Amino acid sequence: MKRIAIFLLLLACWGCKDSEPVFDISISDVAFDIKPVAGGAVIHYKLPANADIYAVEAHYRDYSGKELTSSGTYANDSLILYGFREATQDVPVTVTLMNFKKQVSKPIHLTFDTYDSGPIVYFENVQVRPNWDGFMVITDNPQNSNGMAHFFYLGTNPLDGLMDTLEVQSMPIRPGKDTLLFSLQQKRDFNTIFIRTEDVRGYRVKQVEYKNVEAYKRKKAVWPTDFEFLDPKNKSVEDEEYKLGIKYLFDGDTKGVQGYKDADTYGYSKPSTFLAGPDAVGAPFIIDLKTPTIPAACRFYAFRSTNVIWPSMKATSPTKYAPVWNNIYITKLPCKLAIYASNNKDDDQSWVLLRKFEQDYKTPIRERWMEAAYNAATEPKNLKDLEAADPVYLDLTFPANPDTYRYLKIVVNDMFHNATNSVVNDMNPARYVSFHELEVFVKE
């Protein structure tokens, strides 16, 4: 008797399933527009205005045959179909509709095409080039690109000492152009680079190997043997009595040690530094490398802040350049400058921009590149501390490419104001420019 009751209950349930209501809707009642995208497709749909439709579902299989479902509601207008790698045509998809009573429509059978996925298209436009002590990756990804890119190089595994692929970095694949610069801990003249991509689900898609990628190395050029420093507008203040001039740009004193030793009652009266002006903002300073060379970088140094002051007009017996220094050094340091390159210094149209640097003239001191040239809290209090302190510098590295140039042009376009961020109180009305030391680097 118990078995008969169970059988009748199962039969009743089966009957209910077979008789589950299905509402009829024709494909002509719903407007579908299917468009291929990278790695899949998008189904745009428009439901009848008076239809009692609550949900829309698309059932299909991805590139590996795995069943996937994309769902939407009456409040949406599209379904995203993903899960494909290479471009594919005529992929079957079954669309069903559900009303508010949870009744399901008869299936609507459609097909769709896909474009190559982002992790595949990524390799069509990617470029792997040399970089300083590493490599450079230039990308140009189309709209709707997604996934991840992982960057490796062939190096020595520190755990076992054997050659292995060592990961450098991973980052999302995003639409648009980008240039990625990588420096490698293990130094080699040439490297083997691997780029591996994966889709949004974390599945590995493709890996490509790039052999013999040169790692550019830079060396410091020596003045005046390797290059000359030209001042075509004669803006450099050449005054040996007060130890000002071009030669102090290249004397090897990167922190102001000699100026500290020569300080007197009025402070840095003989700073052993470079000063240009008046009206040196916008004036060109040219480096003649003497022969076409691959330029690597320019490094601009500033005085370390110390317990020695700069000459001021308030002193009872001001030094000759007190009106220039005016007790504030940092207002002579550049916040905006540009470096150009050319093989003909007399042809204004031949100059190519290599690097631009910009900080707002009112940038808070703690965020300025020359912060340690002002910060009293970290300044050395004696000569020993100054000699042991780190230098303050702005290093502008140029893009690594095989183009050679004989000339570099440095143009300072603006100066920092003082710590009060006041235009009236910037204390450099004559627009003098200073960097304490200049280093020039070229490719070995």
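In the predicted model, Phe 135 and Phe 182 are both buried. The two side chains form a stacked pair, because their ring centres are 4.8 Å apart and their planes meet at 25 degrees, an angle that falls under the 30 degrees below which planes count as stacked. Phe 135 belongs to strand β9, which spans residues 134-141, while Phe 182 belongs to strand β12, which spans residues 176-183, so the contact ties together parts of the chain that are 47 residues apart in sequence.

A second pair, formed by Phe 303 and Tyr 329, is edge-to-face, with a centre-to-centre distance of 5.6 Å and an angle of 75 degrees between the planes. This pair likewise links distant parts of the chain, 26 residues apart, given that Phe 303 is found in the loop between β18 (295-302) and α4 (322-325), whereas Tyr 329 is found in the loop between α4 and β19 (334-342). Phe 303 and Tyr 329 are both buried.

In total, the structure contains 27 aromatic pairs. Beyond the individual pairs, one aromatic cluster is made up of Trp 223 together with Phe 227, Phe 229, Phe 250, Phe 274, Phe 285, Phe 300 and Phe 435.

Key: Residues are numbered from 1 along each chain as its sequence is written. This is a predicted model: local features need pLDDT of at least 70, side-chain atom pairs count only at pLDDT 80 or more; totals for chains, interfaces and linings use all residues. Side-chain values use heavy atoms; hydrogens and water are left out. Rings of Phe, Tyr and Trp (its six-membered ring) pair if their centres lie within 6.5 Å; planes under 30 degrees apart count as stacked, over 60 as edge-to-face and the rest as tilted. Helices (H or I, at least four residues) and strands (E, at least two) are DSSP runs, numbered from the N terminus. Buried means under 20% relative accessible area, exposed over 50%, partly exposed in between (1.4 Å probe, protein chains only).
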